[in-house]
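Work through these exercises with the structure open. Each task is followed by a solution in steps.

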Amino acid sequence: MSLWFTHPLFLPSLIVGITILLWATSLLPEFITALLFFTAAMAAKIAPPEVVFGGFASSAFWLVFSGFVLGIAIRKTGLADRAAGALSARLTDSWLRMVASVVLLSYALAFVMPSNMGRIALLMPIVAAMAARAGIGEGTRGWYGLALAVGFGTFELSATILPANVPNLVMSGAAEGAWGIHLNYLPYLFLHTPVLGWLKGLLLVGLICWLFPGRPQPPENLPPPAPMSADEKRLAWLLAVVLALWVTGSWHGIGPAWVGLAAACVTLLPRVGFISGEEFSTGVNVRTCFYVAGILGLALTVTHTGIGEAVGQALMRVMPLDADRPFTSFLALTGITSALNFIMTANGVPALYTTFAQSFSDATGFPLLSVIMIQVMGYSTPLLPYQASPIVVAMALGKVPVRAGMVLCIALALGSYLLLLPLDYLWYRLLGAL
């Protein structure tokens, strides 16, 4: 009888488990945990370098990097203050209205801008300037609420829009590759938007107003805005081109990360750009870049080593999947997705879950497409911030403590599973999807 610690998955599981524990408990700064993961994974040779360090080659990593650079330029030129001035004059009458407006703006932008990271990078400096004008300074609970509204509104609500979220694209590709199923924009939107878009947005606004109260002060007697400077005009044109290229990505085939990186390069060019070398070195949050690379590398490692598949098979054996109890099966499939989220993070979950979809369909009697769609509730509702890198990025840009992000994460997850999941099940039934 072989010893349990000689199992080939023991060492990879130990390294992955400790990494997740450190991120979840914040016993160490997140970037140090990421560096420790790289070190341990390479020293133990649990995966090749191109897998462990695969996060640095990911488009998400470069979207984070370019987002930091563009955010510095937006703040430096004054575009952030100008946009915030236009918004704060109308949206700071009450805290509820201010939070709801930020969440709605985060969600609405997802319809025209496909990158979570790009949207966060664009919105965060504008929301920060708007908060400052309303008397809500950095480091206050009110500011934490607004920063989290950008992160959660951007990631969780955009899951209802097929091309606006990385896990959605992973799911779409996996469904097509494994089962020949092509997901369509409008049916997907109609299935998920009422519950996971509108109702979840209302729940998010209510929780932020409750957990992070703020007292905005509407600005009074503000002078009329000065004419746009030459730098503001040039940056506005650059951002307009970037946004147009993001929106038309399906036509020209250039990924949003590389469009953002090209724009970042332009902003850094001597005499042409907007940012000096000193501003770049002090403004780009390298800690967060390493953290994001660590999260993505962890997900790739979990898939490469077989940990994810082993966990998925184990969950299939213990979860109550029964064709005679459809609601219980619906809960179980959502639970499987949530459990996978702990080890693979949101970007990696659809790649594994979708490969098991036919087995889940046979066990539950649900149509294969519906089984694939059920996972959206699970991967778009993280229990801890590290499971969704866009939320982590928003927290880093807003300097939000991990504890504050965890409180909102857990509260929103509990509200979603207790209130929205039954409604989601009823909506599926009403549409005849189950």
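## Exercise 1: two crossing helices

The axes of helix H15 (residues 286-305) and H17 come within 8 Å of each other, crossing at roughly 105°. This is a predicted model.

Task: State how H15 and H17 are oriented to each other, parallel or perpendicular, and which residues meet.

Solution. 
- Step 1. Take the crossing angle of roughly 105°. Angles of 65 to 115 degrees count as roughly perpendicular.
- Step 2. H15 and H17 are therefore roughly perpendicular.
- Step 3. On the H15 side, find Ile295, Leu296, Leu298, Ala299, Val302 and Thr303. They meet Ile343, Met344, Thr345 and Asn347 in H17.
- Step 4. Sort the contact of H15 with H17 by class: seven residues are nonpolar, three are polar and none is charged.

## Exercise 2: the nonpolar core

Task: Name the residues with the most contacts inside the largest nonpolar core. Then trace the surroundings of leucine 333.

Solution. 
- Step 1. The largest nonpolar core holds 138 residues. Trp143, Leu146, Leu333, Tyr353 and Leu408 have the most contacts inside it.
- Step 2. Helix H10 (residues 185-211) gives this core its largest share, 12 residues.
- Step 3. Set aside neighbours of leucine 333 within four places in sequence. Leucine 333 then contacts Leu321, Tyr353, Phe360, Thr364, Phe366, Val371 and Ile374.
- Step 4. Compare with Exercise 2. Phe360 and Thr364 belong to the H18 side of the H17 contact.

## Exercise 3: a covered helix

Task: Decide whether glutamine 375 is buried or exposed, and find what glutamine 375 touches.

Solution. 
- Step 1. Locate glutamine 375 in helix H19.
- Step 2. Check helix H19 (residues 368-379) as a whole: 11 of its 12 residues are buried. Among them are Leu368, Val371, Ile374, Gln375 and Tyr379.
- Step 3. Glutamine 375 has a relative accessible area of 0%, so it is buried.
- Step 4. Leave out residues up to four places away in sequence. Glutamine 375 touches Met171, Thr337, Val349, Pro350, Tyr353 and Thr354.

## Exercise 4: the whole chain

Task: How many helices and strands are in the chain?

Solution. 
- Step 1. The chain has 21 helices and zero strands.
- Step 2. Along its principal axes, the C-alpha trace spans about 75 × 50 × 45 Å.
- Step 3. Buried residues make up 53% of the 434 residues. One of them is methionine 130, with a relative accessible area of 3%, in helix H7 (residues 116-133).
- Step 4. Residues 24 or more positions apart account for 79% of them.

Notes:
Residues are numbered from 1 along each chain as its sequence is written. This is a predicted model: local features need pLDDT of at least 70, side-chain atom pairs count only at pLDDT 80 or more; totals for chains, interfaces and linings use all residues. Side-chain values use heavy atoms; hydrogens and water are left out. A nonpolar core is a set of buried Ala, Val, Leu, Ile, Met, Phe, Trp, Tyr and Cys residues joined through side-chain atoms within 4.5 Å. Buried means under 20% relative accessible area, exposed over 50%, partly exposed in between (1.4 Å probe, protein chains only). Helices (H or I, at least four residues) and strands (E, at least two) are DSSP runs, numbered from the N terminus. Contact means heavy atoms within 4.5 Å. Axes are lines fitted to C-alpha atoms, for helices over the stretch in contact, and angles run from 0 to 180 degrees between N-to-C directions. Angles under 35 degrees count as roughly parallel, over 145 as roughly antiparallel, 65 to 115 as roughly perpendicular and the rest as oblique. Ala, Val, Leu, Ile, Met, Phe, Trp, Tyr, Cys and Pro count as nonpolar, Asp, Glu, Lys and Arg as charged, and the others, Gly among them, as polar.
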